[in-house]
Structures are given as structure tokens and as C-alpha cells.
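Hi,

Here is the structure I promised to pass on.

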Amino acid sequence: MKDIKAKINYQIMLDKLIAGLENRPKLLLHACCAPCSSYCIEYLCRYFDVTIFYYNPNISSKQEFDKRYDEVKRLVREMSVDIDIVCPPYDSEEFLQAVKGYEDCKEGGDRCSICYAIRLKKACEYAEQNNFDFYCSTLSISPHKDEQRLNQIGAALCKDKRVRHLPNDFKKKGGYLRSIELSKQYNLYRQNFCGCKFSQIKE
């Protein structure tokens, strides 16, 4: 009989970690867009000093990249939270080269795993270089993203590093529904595709 590996509840792991905190650690939060960031900011700012890392070379055009970035900045302003935002230059070639040969993969497949790894690796490196205690991504808030793979990749990337990956599954505890509420409250732009041209919904 094939051994079926049990899924890890990363929200429970996060709850336990938060319960054991004695101070406010520095957290680098990779953000893909404003809607996904909304609940994560609201939740994590209770326990961490958060800096947003907007790094998304997968986004299909500079125009779309800038539109999402502007919405992240507006959200932070209107939420009145003390958060810095770091945004490396847009370079779609990095993503396109990494996923070469995987263009026709179905959504959620190997191409997406490569995309997760690109963005988490850059976030991990920045967090390590700038003395953050933890790093993670907002990506797990989406019901279309595999939180098991995201957490496994995130943890593997910081092995033997000082920075730690923050376990997370932000869609838990009503997080995804709360992100929808906050998106309506702040009238956020909600894109109809993940980011890369391969995931774009055709009209």
C-alpha cells in the first residue's frame, strides 16, 4: 500500500510559535499583491515588526507589476500601519529563464513550484542579509496555492541560515474570507490571474 504523507497544519505551528514569543521579532513578509497582503498585515502586525518585500518577477508586464505595487503602498497607507516596503527592480527575464520548458505545465504544477522558490529565495536572502528574525510569504492565503509546498520550500531555503521561515497557512482561521472583506473595505484592485502570462485567464 502506498504511504500517504499526512498534511502538516502550519497554522497550528504558527499559533504555537506566537504563543512563545517574548518580544516583537522582525519579519520580512513577501507580498504578491494588496488583497493577499491585507489580512496578513492585519494579523501579523499584532506580533511582529513587519517589512513588506514586493518581489514578483513572474508578473507578466511592468504595467501590471506597478499597478499591484501601487495598491500595496496604498493599502499600507490607508491601514495606517508602520511598515516599510522593499521593492527590487522588475526583471521578468529571471522568471522566464527559470521556467523555460515548463510553460505548458498545468496551473499549480511544477512551474508554480519554481515560481514559489524564486520569490522565497530572494526574500530569504534579503532577510538574512538585513538581520530579520523570520521571513515568509502572503501566498498561502490563496485557496489556489499549495501551503504544504510553500512551507517546505521556505524552510529548506533557510537551512543553515540565521533567519527562520515563519510557518503559515494564512487562509486558516477565516483569513481568506477576511482578505475579501478588507479588499472591499479598501476598494483594492483584485487581479483575475496569478501573475505570469501562463496563468492569465483568457476572455
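Below is what turned up, starting with the sheet.

A word on the ground rules: this is a predicted model, where local features need pLDDT of at least 70, side-chain atom pairs count only at pLDDT 80 or more, and totals for chains, interfaces and linings use all residues. Residues are numbered from 1 along each chain as its sequence is written, and side-chain values use heavy atoms, with hydrogens and water left out.

Helices (H or I, at least four residues) and strands (E, at least two) are DSSP runs, numbered from the N terminus. Two strands count as paired if DSSP finds at least two bridges between them. Five strands form an open sheet with parallel pairing, in the order β3-β2-β1-β4-β5. β3 (84–86) and β5 (164–165) sit at the edges with a single partner strand each, so one side of each has no neighbour in the sheet.

Now zoom in on β1. Residues 26–30 make up β1, which pairs with β2 (residues 49–53) in the parallel sense over five bridges. Lys 26 has Asp 49 as its bridge partner in β2, while Leu 28 stands opposite Thr 51. β1 also pairs in the parallel sense with β4 (residues 134–137), over four bridges, and there Leu 28 has Tyr 135 as its partner. Four of the five residues in β1 are buried (under 20% relative accessible area with a 1.4 Å probe, protein chains only; exposed is over 50%, partly exposed in between). Together with helix α2 (residues 34–44), β1 and β2 make a β-α-β unit that is right-handed (with the strands pointing away from you, the path from the first strand over the helix to the second runs clockwise).
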